[in-house]
Amino acid sequence: MVNKHRAFGESIAKRMAADDGPLFQCRQCGKCCSSLRSSASIGPYEFGLALLPFEKNLFPSEDISPYEAMRLKGTKPRGIFSYQLKKEICPKLNNSNCTIYTSRPLACRKYPINYLMVTEKGGIRISVDTVSCPEAQPNNTFPAEMIAAAAEDLSRSNSAWSKAGIMYDLKSESWVPAKKVRDLQQTLLDRLSITEQRK
Ligand code: SF4
Ligand code: SF4
């Protein structure tokens, strides 16, 4: 059965199928897979590749850390619902190729789309990582699977953000308030994001 997040992703991908513009083409340079922590750093905080609970099993357990949780009880996190890869260079990268390509995490399937949002008027806005990916352009169109992954990520994030009270910072190796991180993320996206409004 297709879950609601995936169904949302597929519906957005259908709406964007008629777009024109140069099609994004990954040249498999491996840059995005070898700068995972540095590209996910936000202000004083450092994070890794975000992973859904079942995706953490793709990697050795010693490379995994919790990412988002509901709250702290004493020093213990309660309600962990996402994880992150601690490595700067992905252990699944081999000569610029992903060795788990068909089962790679959602965060990898949507890249170089930073985020996709649906505006109040029903338009679709996307932000593309033109800073780290040498092939990404703001007016790119993207393969349907990539749009679907970005929209699925949006759907999952919307439900996760309402739950996340704390996030695990790899730099200080401590839990930090999720709101502080979100505020910084928003500031960064407003400054860096190259957005394209689609009807
Ligand atoms: S940085 Fe861009 S071009 Fe290079 S592997 Fe990643 S997505 Fe492909
Ligand atoms: S899982 Fe594959 S696509 Fe994702 S970061 Fe690792 S090598 Fe890159």
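Reader: Which strands form the hairpin, and how many residues lie between them?

Author: In this predicted model, E8 and E9 form a hairpin with four residues between them. Strands here are DSSP runs (E, at least two residues) and helices likewise (H or I, at least four), numbered from the N terminus. Glu 173, in the turn, has a positive phi of about 50 degrees. This is a predicted model, in which local features need pLDDT of at least 70 and side-chain atom pairs count only at pLDDT 80 or more, while totals for chains, interfaces and linings use all residues. Residues are numbered from 1 along each chain as its sequence is written, and chains are lettered from A and ligands numbered from 1 in the order in which they are written.

Reader: How many bridges join strand E8 to E9?

Author: Strands of a sheet pair through backbone hydrogen bonds, either parallel or antiparallel. Two strands count as paired if DSSP finds at least two bridges between them. Here four bridges join E8 (residues 166-169) to E9, and the two run antiparallel. Ile 166 has Pro 177 as its bridge partner in E9, and Asp 169 has Ser 174. E8 also pairs with strand E2 (residues 64-73), in the antiparallel sense over two bridges; there, Glu 68 is partnered by Met 167 of E8.

Reader: In what order do the five strands of the open sheet stand?

Author: The order is E1-E3-E2-E8-E9, with antiparallel pairing. Strand E1 (49-51) and strand E9 (174-177) each have a single partner strand, so one side of each is left without a neighbour in the sheet. Neighbouring strands are turned by 40 degrees against each other on average, direction ignored; the axes are lines fitted to C-alpha atoms (for helices over the stretch in contact), with angles from 0 to 180 degrees between N-to-C directions.

Reader: Where is the cis peptide bond, and which residues other than glycine have a positive phi?

Author: Most residues other than glycine have a negative phi, and most peptide bonds are trans. A cis peptide bond joins Tyr 111 and Pro 112, with omega about 15 degrees; Pro 112 is in the loop between H3 and strand E6 (113-118). Among the positive phi values are those of Gln 28, near 55 degrees, and Asn 95, near 50 degrees. Gln 28 lies in the loop between helix H1 (4-15) and helix H2 (36-39), and Asn 95 in the loop between strand E4 (93-94) and E5.

Reader: Is Asn 95 buried or exposed?

Author: A residue is buried if 20 or more other C-beta atoms lie within 10 Å of its own, exposed if 12 or fewer, and partly exposed in between, with C-beta atoms placed from the backbone. Asn 95 is exposed, with 7 other C-beta atoms within 10 Å. Gln 28 counts as exposed too, with 12 C-beta neighbours inside 10 Å. Of the 199 residues of the chain, 27% count as buried.
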